[in-house]
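Please work through the exercises below with the sequence and the model open beside you.

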2 protein chains.
Amino acid sequence: MTKQVKREDIIRAAMDLIAAQGFHGAPMSMIAEKAGVGVGTIYRYFENRDVLIKSIYKEIEERLVAYLTKKYPSEEPVRICFFHIAKGLVTYFTQHPMDFKYFEQFHYSPFGEAHRRNRIFKSAGQPDIFMELYERGLAQQVIKNLPPTVFFNLAFAPIVWSLRDHILEMVAIDDSLAELLVTSCWDSVKI
Amino acid sequence: MTKQVKREDIIRAAMDLIAAQGFHGAPMSMIAEKAGVGVGTIYRYFENRDVLIKSIYKEIEERLVAYLTKKYPSEEPVRICFFHIAKGLVTYFTQHPMDFKYFEQFHYSPFGEAHRRNRIFKSAGQPDIFMELYERGLAQQVIKNLPPTVFFNLAFAPIVWSLRDHILEMVAIDDSLAELLVTSCWDSVKI
DNA sequence: ATATTCTGAATGAATGTTCATTCCTAATAC
DNA sequence: GTATTAGGAATGAACATTCATTCAGAATAT
């Protein structure tokens, strides 16, 4: 078993456990057992628990940003770009519920609190499609004149909450409901 | 010092600590110290930690519901009722940021998970102004045909997120911005 | 009025448990 | 044979909860 594979096993195990049970339901001993390694082994791959947790977050974030950025129609109107991102979020997280749950656990924890100051998707190197969308929308006067924070909240908070409800099986978001949801978000910010 | 006063001291101390630092930053010993009582004393007023935490939640919830229900214009159109609730939320939580922070901590924790399920599935109990609003809106065809969950998410998620940002001082929500925010939420659910 | 006994609220040291982390030994690679 | 990696028991820190003890004030007796 190569080093890389063992590292992946640890990440996979930790992610699944934390997504399913929260940080409390995922002690190092349990992660080790699920990954099929000794507890001490984890510390050969990650300096400590915090580093492990942040590494997992980074991996998920990279996958998500890659997904949203791929085929991003940057030349199209703001509205089209918004729909691309919003529907992309729904699709990605519907297909990767564990990623969503992990994201949520992370975000509402001391880790996320620290992370929140810098905006979510502002990873170095990546062009910030969110901010670009906001600025272009304002400049072209297709969206209301709102502070960026409030714009993002109107545009994405209902989607995130609905994804959570969908993943918790409290509502079923099919294609047509997703369309309606995303359209409604757009309705709230468009002029 | 009367019993009631001491109980209030404990609740106040626990609430402030948990709101500010999260559940982790509020061990019983610290709550006791801040309340000016012995650790054991807390257990004379609350069976255990969980009961204390849930009691605090209930007190806040009662205050909030009382605030929203007072002067509720139940005879007015759906739109007016929505604005009453939405603006009431903004006003109440702007004036009681600790209540908001506690609510948030509670909601994104194992306590909240359980609480949420109950709340949604058995909406029984007191006259639920939220559910009443949804049903009346649907019947009168003034709101889109959406599952209740998604309706609530569209209507309130951006408000909650924006309140959080306001309380964290990442955006300043004054009266006119609140008006714009609430109107935008209504725009997203109205027909 | 004063002394004595009783009561139960208040306390915080002690207990038991849960974990992250360490570190020594075993296994494996080179 | 030596160096590197894996393993998991041991360690110690953090915490919720308990419970034997204290003590102020109420009740009762003298």
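Predicted model: local features only at pLDDT ≥ 70, side-chain atom pairs only at ≥ 80, totals over all residues.

**Exercise 1. The architecture of chain A**

Task: Describe which secondary structure elements chain A has, and state what share of its residues is buried.

Solution. Step 1: Counting the elements gives ten helices and zero strands for chain A, and reading from the N terminus on, the order is accordingly α-α-α-α-α-α-α-α-α-α.
Step 1: Along its principal axes, the C-alpha trace of chain A spans about 55 × 35 × 30 Å.
Step 2: Of the 191 residues in chain A, 51% are buried.
Step 3: Among the contacts in chain A with a separation of 6 or more, 64% are made by residues 24 or more positions apart.

**Exercise 2. The interface of chain B and chain A**

Task: Characterise the interface between chain B and chain A by its contacts, its buried area and its polar pairs, and then find which elements of chain B contribute to it.

Solution. Step 1: On the side of chain B, 33 residues are in contact with 31 residues of chain A.
Step 1: The area buried between chain B and chain A is about 3200 Å², and carbon and sulfur atoms give 66% of this area.
Step 2: Between chain B and chain A there are 13 residue pairs in polar contact, counting pairs with both residues at pLDDT 80 or more.
Step 3: On the side of chain B that touches chain A, the elements giving two or more residues are helix 6 (97-107), helix 7 (110-121), helix 9 (148-167) and helix 10 (175-189) of chain B. The largest share comes from helix 9 of chain B, with eleven residues.
Step 4: Sorted by class, the residues on this side of chain B are 17 nonpolar, eight polar and eight charged.
Step 5: The rule finds two salt bridges across the interface of chain B and chain A, and in a salt bridge the side chains of B:Lys144 and A:Asp187 meet at 3.0 Å, N to O.

**Exercise 3. Salt bridges and their surroundings**

Task: For the salt bridges A:Arg7 with A:Glu59, A:Arg164 with A:Asp165 and B:Glu132 with B:Arg136, decide whether each partner is buried, partly exposed or exposed, using under 20% relative accessible area for buried and over 50% for exposed.

Solution. Step 1: Over all chains, the count comes to 16 salt bridges.
Step 1: The side chains of A:Arg7 and A:Glu59 meet at 3.4 Å, N to O. This pair links distant parts of the chain, with A:Arg7 in helix 1 (residues 3-21) and A:Glu59 in helix 4 (residues 49-69) of chain A, 52 residues apart. A:Arg7 has a relative accessible area of 23% and is therefore partly exposed, and A:Glu59, at 21%, likewise counts as partly exposed.
Step 2: The side chains of A:Arg164 and A:Asp165 meet at 3.7 Å, N to O. A:Arg164 counts as buried because its relative accessibility is 6%, and A:Asp165 is buried with a relative accessible area of 0%.
Step 3: The side chains of B:Glu132 and B:Arg136 meet at 2.8 Å, N to O. Because B:Glu132 and B:Arg136 are four residues apart in helix 8 (residues 129-139) of chain B, about one helical turn separates them. B:Glu132 is partly exposed at 32%, whereas B:Arg136 is buried at 17%.
Step 4: Finally, A:Lys144, B:Asp187 and B:Lys190 are joined into one network by salt bridges that share partners.

**Exercise 4. The surface near DNA strand C**

Step 1: On the base side, a polar backbone atom of B:Gly40 is 3.1 Å from a base nitrogen of DNA strand C.
Step 2: By class, the surface near DNA strand C has seven nonpolar, five polar and three charged residues.

Key:
Residues numbered from 1 in each chain as written. Chains lettered and ligands numbered in written order. Heavy atoms only, no water. Polar contact = N/O pair within 3.5 Å; in protein donor to acceptor, adjacent residues only side chain to side chain. Nonpolar A, V, L, I, M, F, W, Y, C, P; charged D, E, K, R; others polar. Contact = heavy atoms within 4.5 Å. Buried area = accessible area lost by both parts, 1.4 Å probe. Salt bridge = Lys/Arg side-chain N within 4 Å of Asp/Glu carboxyl O. Buried < 20%, exposed > 50% of the residue type's maximum accessible area, 1.4 Å probe, protein only.
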